[in-house]
2 protein chains.
Amino acid sequence: MTAPTDHKRAAARTLISVDAMGGDQGPAAVVAGCLISAKANPDISFILHGSEAELKALVSKHPILDNRTTIRNAVGVVTMEDKPSQVVRTGKDTSMWSAIESVRTGEAAVAVSCGNTGALMALSMIRLRKLPGVNRPAIAVLYPSSNKQGFNVMLDVGADIKADADDLLRFALMGMSYARNGLDVARPRIGLLNVGTEEHKGRIELKEAHDLIRDHAREAAFDFVGFVEGGDISGNKADVIVTDGFTGNIAIKTGEGTASLIGTRLREAFKYSLLSRLASVLAYTSLMRLRLKIDPRRVNGGVFLGLNGTVVKSHGSADATGISAAIKLAAQLSQNGFNDKLAARVAAALPSEEQAPE
Amino acid sequence: MTAPTDHKRAAARTLISVDAMGGDQGPAAVVAGCLISAKANPDISFILHGSEAELKALVSKHPILDNRTTIRNAVGVVTMEDKPSQVVRTGKDTSMWSAIESVRTGEAAVAVSCGNTGALMALSMIRLRKLPGVNRPAIAVLYPSSNKQGFNVMLDVGADIKADADDLLRFALMGMSYARNGLDVARPRIGLLNVGTEEHKGRIELKEAHDLIRDHAREAAFDFVGFVEGGDISGNKADVIVTDGFTGNIAIKTGEGTASLIGTRLREAFKYSLLSRLASVLAYTSLMRLRLKIDPRRVNGGVFLGLNGTVVKSHGSADATGISAAIKLAAQLSQNGFNDKLAARVAAALPSEEQAPE
């Protein structure tokens, strides 16, 4: 493992590296998000990467932010259309590259970006490199659920399209670490996504992974609940849902699409008649309360796991609230020394012949 | 193909073979569902399979149903806990077996059951056998969507956990036939589920399937929209979503779970205060209107495709409304001569050396 002491120093300061240029709403929304976070949390400070002139103008208006922000000039911007392979080759001048560089050097423990996911993953992989014992990094998201904390951790949701049994075990360990450090679940319940809960169901690699994860539960202090089904992603059977990136990506997009269809139909239903319009006025606060609970802006932040450093990916369309939620998550992970703990956890699960010498 | 003339005769009569014993709510709910359908549609008649004494008592109360119903005595009942392999070996006396037998003999073109899905699939496979050219049968469901007809056809959602490129082509053709005959979409748009819409994305078999399906679009008169994502299952980009049974099963259960979580949260939000309770009273009709549009009872009926005969699987928990919806779908498919058309469509897509002699 590279330079854990550097990571720890950064964690103590809670310095967050922020790509200020990547999102659809431009640097003003990113700075507004940082401002919300700066007001809410006196312990965090920022490195903002992007156009120095633009960022200076935005930050200098707010002394509470200005005092705690370092601006690092980067003239290039990764767009949503840029190909990951191209960004890796020619993106050295971009704010995204620069934001990851601050994690690579150990200056910050966590980077936040709302830019192009593919490019961010490719850059993170190449610049930060995989942790020892990790073959496939994963993207983890928080999915609204009926459990106590209101969210399940789900991974992988699209870093890669495949995962073998060993990868799925690593995902379980990384997801457990994330649930513990990001959601404060002391003893996470881990479930392996399948088409049925009986042990004989599903693909070969899932049966292998089932036994591997089960055998690590005791040492790693989690509860393995075995196979879970699609309905359990939003349920209360597990706190961590483990799956390959193909299945996970399709599942979360199906869930998002379904939620969005219900939202549309709900609005239509309330527009139907005069009485329903009146009801919608009275129901307004109730509907807002519902929205707060399942608002994607508040559960913002897919997290890249399995690298030397943590990268929080915010939605491309994130506004100030969304960006602030991603920063809050990044700060919590940084303060908990999350990535070092995760690295230790994954390393401990390696077969002994693979373990790096002390 | 076996006895198309028999199938056609059955289709003309629109005789529906109904497993009356399989559902959670017992034969009373099934008979109540048949009664709703009998009142709504004078062209259909029924064979009810199950306990003769029980069914006679239930049916004889309603002359409109009694006149059009044949009761076929079957003393055994397949429970939700029964293993498919066991039902296949020892289930000859069950109402489920008997219901499928009526399709096998050509007496009815379609069977309806709300029993154990695994057992129903296994029995259907073994008794009805696969259509020429079909390697893997598929289960297709209607998924609420924002397109004109309000539903997409999605398949496979769990008949098998795998599908190669050839299977996915057959699914596309079968799904197209279903959209045309079950949803009245003259020229269905077909999408292949993947983690991104770019042609280079996803697994090898998906890229192969992409080209295979594209190459059959013209002859089979559908529009191929290429790769679609999880969010498009409830969207308006395609009318038929093609995927393997593992991915499809997890996707629909994720969608159902998410919809159910939103429903719970919505009810909580409306119970929060006096004002929100009042709003919920006023909003009642709006919410009911919403429910009608996305009510799973009204989109009831997964359909087994790729066999010599069609089997409509209703939810295990289906009530009279749900069962009636499944019967309506079965009647429409039967009246359209659906299974013969599907068989012809799949046979036409066979490589010439595999085609059976005329």
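How many helices and strands are there in chain A? I looked this up and found 14 helices and 11 strands in chain A. I took helices (H or I, at least four residues) and strands (E, at least two) as DSSP runs, numbered from the N terminus.

The model is predicted, and local features need pLDDT of at least 70, side-chain atom pairs count only at pLDDT 80 or more, and totals for chains, interfaces and linings use all residues. Residues are numbered from 1 along each chain as its sequence is written, chains are lettered from A and ligands numbered from 1 in the order in which they are written, and side-chain values use heavy atoms, with hydrogens and water left out.

**Entry: chain A overall**

I noted that chain A has a radius of gyration of 21 Å, close to the 21 Å from the globule rule for 358 residues, so it is as compact as a globular protein of that length. The radius is taken over C-alpha atoms, and the rule is 2.2 Å times the number of residues to the power 0.38. The C-alpha trace of chain A spans about 65 × 60 × 35 Å along its principal axes. Of the 358 residues in chain A, 59% are buried. Here buried means under 20% relative accessible area, exposed over 50%, and partly exposed in between (1.4 Å probe, protein chains only).

**Entry: A:Val31**

I found A:Val31 in helix α2 (residues 26-40) of chain A. A:Val31 counts as buried because its relative accessibility is 3%. Not counting residues up to four places away in sequence, A:Val31 touches A:Leu48, A:Leu55, A:Leu58, A:Val59 and A:Leu65; contact means heavy atoms within 4.5 Å.

**Entry: B:Thr94**

I placed B:Thr94 in the loop between α5 (84-90) and α6 (95-104) of chain B. At 5% relative accessibility, B:Thr94 counts as buried. Leaving aside neighbours within four places in sequence, B:Thr94 is in contact with B:Ala74, B:Gly76, B:Val77 and B:Val78.

**Entry: cis peptide bonds**

I checked the bond from A:Leu155 to A:Asp156, which is cis with omega near -10 degrees. A:Asp156 is in the loop between β6 (151-155) and α8 (165-182) of chain A. In chain B, a cis peptide bond joins B:Leu155 and B:Asp156, with omega about -5 degrees.

**Entry: positive phi**

I looked at B:Asp184, where phi is near 60 degrees, a positive value in a residue other than glycine. B:Asp184 is exposed, with a relative accessible area of 60%. B:Ala221 is not a glycine but has a positive phi of about 60 degrees. B:Ala221 is partly exposed, at 26% relative accessible area.
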